[in-house]
Structures are given as structure tokens and as C-alpha cells.
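Open the model in your viewer and keep the selection panel at hand. Each stop below says what to select and what is there.

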Amino acid sequence: MIRMVARRLLALVPLVFLVTLLVWGLVLVIPGDQALAIAGDSATPEQVEAIREDLGLDDPVPVRYGRWLAAAVQGDLGTSLYTSYSVTDALADRLPVTLSLVFVSFALAVVVGTAIGMLAANQKGRLTDRLLTVTTSVGLAVPNFWLGLLLVTFFALKLEWFPSGGYVPFTEDPAGWLRSITLPAVTLATAVAAELARQMRASMSDVLERDFIRTHRAKGLRPATIVRRYALKNAAMPVITVAGLQIARLFGLATIVEIIFNLNGVGALAVDAVFDRDIPVIQGCVLLITVIVLLVNLVVDVSYGLVNPKVRAQ
Amino acid sequence: MTTIRPTAAPGAGEQPLTDRPESPRQRFVRRFRRERPAVVAFVVVVLVALAALLAPLLATHDPDTQVLADRLQAPNGEHWFGTDDLGRDVYSRLLYAGRISLLAAVQATAIGIALGVPLGLAAGYLRGWVDVVLSRIADAVMSIPALLLALAIVGILEPDLTSAMIAIGVVYAPQFFRLTRASTLAVREETFIEAARSVGGTSRAIITGHVLPNALSPLVVQISLAMGFAILFEASISFLGLGVQPPDSSWGSMLGRSTRFFEQSPHLVLIPGLAILVTVLAFNVIGDGVRDSLGREIRRPTQ
């Protein structure tokens with residue numbers, strides 16, 4: 001078990017290395033003079049020169065990458081070009097917001113998604129199944145920023161059940177935290193819940209048609225027991241794989257949800273940085289979130305091994 | 001996309017009466033026509049595309065003319081979908097914005113295909129170090145959350161529609177790459193490839209003449225799904241104000257500038273949102289229908 005985790009962790013190293021190469025390499029794509037692009041049109045030649053000096057733009061590319069990587073490994077992701085705050089500090093400030101949002105959404109999506117999928121599989125071909133299938137198709141297609149706006153208007157402005165935006169830290173006020181995170185989490189979870197429901201429906205209805213299930217039925221076991229004790233374990237495998245892949249999607253979509261609900265998370269930071277073309281901040285956001293996604297996927301992989309004896313044996 | 005037009009083959013829908021076995025395309029058309037939702041979705045996409053194409057004919061007003069006296073009107077006889085905060089006709093703007101939304105999605109998907117498919121063919125057919133290097137790069141790109149990567153690319157280039165489409169295309173490329181590579185790997189071991197090689201076919205001729213046509217089916221499914229997601233992506237980026245720039249507008253940017261007026265004029269938010277929802281849904285349903293109508297092995301078991 002520990003050896004498997006260690007092996008997976010080691011396998012991540014080259015991938016993370018490549019990601020750093022890509023994230024850093026983005027600056028090479030900036031059209032024209034980088035220093036000029038960063039400084040903006042109104043900068044004086046001295047300012048441009050200062051930026052060039054600052055970023056060491058006259059050094060060869062591998063040297064610049066090596067310098068950046070060495071600092072990044074030590075937790076120094078550079079300084080924002082505009083506000084001169086440390087990128088690492090800014091990320092540390094905002095990470096709890098994004099993590100709360102993503103993990104609450106993920107939990108919500110897994111619970112609701114698998115429940116809908118199982119219900120649809122059990123009712124396959126009937127009206128309930130059709131309605132749920134239509135619902136999940138709509139859930140996949142609905143633009144989440146639009147859904148967020150509708151939810152805010154209805155539940156925050158009209159009914160006033162939830163705040164329309166802002167974040168309350170969990171440590172300050174757990175109940176307030178839950179209220180502040182509910183609407184954003186529902187918004188973010190919708191697409192993922194729909195995806196998981198579709199997977200669960202396909203996987204569960206496949207399992208329910210197998211011979212061993214028929215045997216259990218012939219033995220006289222109650223359908224609910226069959227689903228819970230025997231079918232679910234088998235049906236869960238492909239769903240867990242898909243769930244792992246959804247983590248990245250949640251972190252991506254979280255950016256726009258954070259903007260709508262005025263949550264100061266990493267995604268909102270990234271969007272602001274894109275507006276300002278604040279390259280170090282963009283790089284820091286992308287790198288941090290990607291590393292987190294990879295680590296969470298590792299956890300999902302390991303949990304897959306716990307559930308599935310076939311993988312565990314290797 | 002034109003190859004899946006259900007009207008292409010006459011007499012489809014019934015079993016062919018001749019004893020000649022039906023061609024794969026005929027079989028596909030016959031199956032696809034049985035996928036009711038997919039056929040409906042196909043009609044929806046055709047209608048949306050026509051509406052965008054014929055926008056100048058269908059529009060009742062100039063989409064950019066501001067009549068400030070008529071601002072924020074609810075839908076009425078003169079303005080079918082009301083007017084926006086500058087008194088522009090929402091119905092006419094929706095048609096023109098649809099052009100940009102659809103065109104952006106087509107271009108983004110095309111960029112994804114242009115990058116992903118040739119590299120996928122190369123990796124799958126040549127294998128060796130080419131495959132290793134390209135596959136690892138694809139893994140790395142795919143491990144970065146898509147919207148975040150797209151935003152980062154927009155931030156590096158310049159916030160406009162072209163950047164947004166390049167960004168979405170780059171995000172898609174690894175998906176097309178993986179799919180093409182996988183089908184190429186599968187086809188490559190077939191005996192007809194060996195036969196082509198043994199009669200002296202060059203790699204290039206074998207790839208374009210034999211491998212590519214056989215790897216095409218899963219690509220068609222992916223293209224339909226990619227179109228749907230590209231519309232969502234473009235809408236998200238333009239909603240944030242980082243995509244299409246005024247005076248042009250897409251469904252996403254129409255939504256973006258009208259959120260402030262939601263309470264006064266909900267139609268400004270509801271209408272473009274529904275346009276996105278319906279179009280994306282249609283592309284997804286087509287994708288599902290095509291997948292279920294294709295090939296032997298990737299078909300859904302029994303309903």
C-alpha cells in the first residue's frame with residue numbers, strides 16, 4: 001500500500017516538471033517585447049528597462065527557467081507586477097476559499113450525482129428515468145455562470161435565504177461559512193453531478209444485467225439489498241475514475257463561480273491577473289491549482305485501490 | 001459534420017431491400033434516425049445555424065443602433081425580445097451574437113483538430129520516442145484545469161476573441177490527440193495495414209489513405225461534444241469580458257453586460273442564457289446519438 005503511494009508520487013515528478021515547463025513557457029509566447037508588453041503602452045523606456053532587468057530577460061531561456069524553477073520549488077513564485085505583493089502570500093490567502101468551494105461542491109456532486117444515477121438505473125426506461133436523463137443533460141449544458149445568476153436572484157435577492165456573495169471563513173463562523181458557500185457550491189456542483197449521474201446510470205444498469213445479480217434475485221434477496229450490498233461495489237469503479245477527472249474541471253469552473261459570488265479565491269485572483277496581464281500571478285495560480293489537482297487525483301487513485309481488490313493486488 | 005446529414009441516403013430508415021449488405025454509412029444513417037432526441041437536436045442545430053447565417057434577413061432592427069429613449073423595454077410587439085440598457089433590439093442582437101458564438105466554437109474546435117489529429121496520427125503510427133514525448137506533453141496539458149489554462153493563454157496573448165479561440169483550441173488539442181492516437185494504435189495492427197505496407201505504401205500514404213478514415217468515427221462524436229463545450233467556454237470567457245470585445249458581441253458577452261439589470265429586465269439575462277443552453281444541449285445530444293449509432297463495439301447495449 002505504502003509502496004504503491006510512493007510509486008505514484010514518484011511518477012508525478014516528471015509530470016509536474018512538464019507542467020512547470022508549460023506554465024513558465026507561456027511567457028515565451030508573449031508577442032513582441034515581453035518587457036514592453038508587461039509594462040504597458042504608457043511606460044517610459046526606463047520603466048521597460050527596469051522590468052527587463054528585474055525579470056532577467058536578457059539571460060538565456062534555460063537560465064531564466066532554472067532560476068524560476070529553483071525559486072518555485074522553495075515556495076517563491078515571484079512578485080506581482082502591479083501590486084508588488086508576493087504571489088505565494090496572495091495564493092496562501094486565497095487558497096482556503098477555493099478549497100472550501102471545490103470540496104463542498106465535490107461532496108455535493110458525488111452524493112447527488114450517484115443517487116440520481118442509481119435511481120435512474122433502477123427505474124430504467126420508465127418515466128422517472130427519462131425525466132432524470134433529461135435533467136442531467138440540461139445540467140451538463142447549462143452555463144454555470146448563468147445558473148449562478150439565477151440562483152442568486154431567486155434564493156439570495158428574492159427569498160433572502162442566502163447571502164448573494166462574499167465568503168465567511170469557517171473558523172470565524174461555521175454556520176455563516178455554510179450559508180456563504182451553499183449557492184456557489186450548488187452552482188459549481190451541477191455540471192459534475194450531472195456527469196457523475198450519467199456515469200452511474202450507465203455503470204449501474206450494466207451491472208444490474210449481469211448473471212450474479214440475477215442469482216441474488218432468484219435467491220429472494222430484496223432489490224434494495226442487492227443494489228446496496230452487491231451492485232454498488234461493482235458499479236462504483238468506473239464512476240470513481242470519472243469522479244477523479246472531475247476534480248480538475250471543478251477547479252477550472254470555480255474561477256467563474258468565484259467571480260459571480262464575489263469570493264476572493266484563487267480563481268478570482270487568476271481572472272484579475274488575466275485582466276492586468278500580471279504574468280507571475282497567472283503562473284502561480286495555474287501551477288498551484290494544477291499541483292493540487294494532481295495530488296487529489298493521486299488520492300482518488302489510491303482510494304480506487306482500496307475499493308477494488310484487482311488493482312490492490314498489483 | 002456534413003457527412004452525418006440524415007437526408008444523405010435515400011430510403012434509409014428501413015432495411016435495404018437489395019441483398020447487397022448496407023454500407024457503414026447507410027447503417028449509421030438508419031440507426032441515427034432511430035435516435036429520436038438526436039434527430040430533434042440535429043434539427044435544432046440546423047435552425048440555430050440558419051438563424052445565425054441569415055441574421056441580416058431575419059433581424060428586425062439594426063443590432064447596434066441605440067435608441068436610448070427605448071432602453072430596457074420588456075418583450076413587446078415592436079421588440080420581440082425587448083431592448084437592452086442602450087435601447088438596442090435584443091432579438092436582432094441575439095441573431096448576430098449567435099454568428100459569433102457559433103463561429104468561435106467552429107474555429108476553436110478546428111484549431112483543436114488541426115493540432116491534435118495530425119500529432120495523434122504521428123504518435124500512434126510512428127510510436128517510439130515521438131509517441132512518448134507527445135503523450136507526456138498531452139498529459140501535462142490535460143492536467144491543467146481547462147478553463148484556467150484557457151484564461152492563462154488569453155492573459156498571455158491579449159484579451160480578444162482570437163486569443164480565446166486559440167486558447168480553447170489548445171485546451172482541446174490533447175483530447176483530439178489522445179482519441180486519434182488510440183484509434184490509430186488499434187487500426188495499425190490490422191492486416192490491411194500490413195498489406196498496404198507490404199505492397200510498398202509509404203507511411204504518409206498509409207496514414208492518410210487507411211489509418212485516418214478508420215479513426216474517423218470516434219472523432220465525429222468528439223467534434224460534436226467539443227462544439228457544445230466550446231460554446232460554453234467562449235461564453236464563459238466573453239462573460240468575464242476577456243473574449244469578444246465591443247462593438248461585437250456573443251451570447252456570453254450579452255449576458256455579461258446585462259447582469260446588472262437582472263432585477264429590472266430579467267429577459268436580458270434569460271434570453272441569451274437559454275440560447276446557450278439550448279445550443280449546447282443540442283450538440284451534446286447529437287454527440288450521444290452519433291456515438292450510439294456508430295460501429296459495433298461502442299454502441300449502447302439494450303435499451
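Across the interface of chain A and chain B, five residue pairs are in polar contact, both residues of each pair being at pLDDT 80 or more. A polar contact is a pair of N or O atoms within 3.5 Å; within protein, one must be able to donate a hydrogen and the other to accept it, and residues adjacent in sequence count only if both atoms are side-chain atoms. The model is predicted, with pLDDT of at least 70 required for local features and 80 or more for side-chain atom pairs, while totals for chains, interfaces and linings use all residues. Residues are numbered from 1 along each chain as its sequence is written, chains are lettered from A and ligands numbered from 1 in the order in which they are written, and side-chain values use heavy atoms, with hydrogens and water left out.

**Stop 1: the A side of the interface**

Select the helices of chain A that give two or more residues to the side touching chain B: α1 (2–29), α6 (127–141), α7 (144–158), α8 (174–208), α10 (223–260), α11 (266–276) and α12 (279–307). Helices here are DSSP runs (H or I, at least four residues) and strands are too (E, at least two), numbered from the N terminus. Which element gives the most to this side? α10(A) does, with nine residues. Now colour this side of chain A by residue class: 36 residues are nonpolar, five polar and six charged. In this scheme Ala, Val, Leu, Ile, Met, Phe, Trp, Tyr, Cys and Pro are nonpolar, Asp, Glu, Lys and Arg are charged, and the others, Gly among them, are polar.

**Stop 2: both sides together**

Show both chains. The contact (heavy atoms within 4.5 Å) takes 47 residues from chain A and 43 residues from chain B. The two chains bury about 3800 Å² between them, 79% of it on carbon and sulfur atoms. Select Phe145(A), Trp146(A) and Val274(A): they supply 16% of the area that chain A buries against chain B, more than any other three residues. Buried area is the accessible area (1.4 Å probe) that two parts lose on being put together, summed over both.

**Stop 3: the bridge between chains**

How many salt bridges cross the interface of chain A and chain B? The rule finds one. Select Asp288(B) and Arg198(A): their closest N and O atoms are 2.8 Å apart. A salt bridge is a side-chain nitrogen of Lys or Arg within 4 Å of a carboxyl oxygen of Asp or Glu. Side chains of opposite charge can pair when their charged atoms come close.

**Stop 4: bridges within chain A**

Over all chains, the whole structure holds eight salt bridges. Select Asp129(A) and Arg201(A), which meet at 2.8 Å, N to O. This pair links distant parts of the chain, from helix α6 to helix α8, 72 residues apart. Are the two partners buried or exposed? Asp129(A) and Arg201(A) are both buried. Buried means under 20% relative accessible area, exposed over 50%, and partly exposed in between (1.4 Å probe, protein chains only).

Step to Thr128(A), also in helix α6 of chain A. Thr128(A) is partly exposed because its relative accessibility is 31%. Apart from residues up to four places away in sequence, Thr128(A) touches Leu119(A) and Gln123(A).

Next, select Asp206(A) and Arg210(A), a salt bridge with its closest N and O atoms 3.7 Å apart. Asp206(A) is partly exposed at 38%, and Arg210(A) is partly exposed at 36%.

**Stop 5: a network in chain B**

Select Arg136(B), Asp139(B) and Arg178(B), linked in a network of salt bridges. Arg136(B) and Asp139(B) come within 3.1 Å, N to O. Both lie in helix α5 (residues 128–143), three residues apart, about one turn of the helix. Arg136(B) has a relative accessible area of 42%, so Arg136(B) counts as partly exposed. Asp139(B) is partly exposed at 21%.

**Stop 6: a buried serine**

Go to Ser92(B), in helix α4 (residues 90–126) of chain B. Why does Ser92(B) count as buried? Because its relative accessible area is 0%. Leaving aside neighbours within four places in sequence, Ser92(B) contacts Ala59(B), Thr60(B), His61(B) and Pro63(B).

**Stop 7: annotated spans**

In chain B, UniProt (unreviewed entry) annotates "transmembrane region" at residues 38–59, 100–125, 137–157, 219–244 and 265–286. UniProt positions are in the numbering used here, feature names are shortened, and annotations may be inferred rather than shown by experiment. Select residues 38–59 of chain B: 91% helix, 0% strand, end C-alpha atoms 28 Å apart. Residues 219–244 of chain B are 81% helix and 0% strand, with end C-alpha atoms 28 Å apart.

Finish in chain A, where UniProt lists residues 95–300 as "domain: ABC transmembrane type-1" (unreviewed entry). This span is 84% helix and 0% strand, and its end C-alpha atoms lie 20 Å apart.
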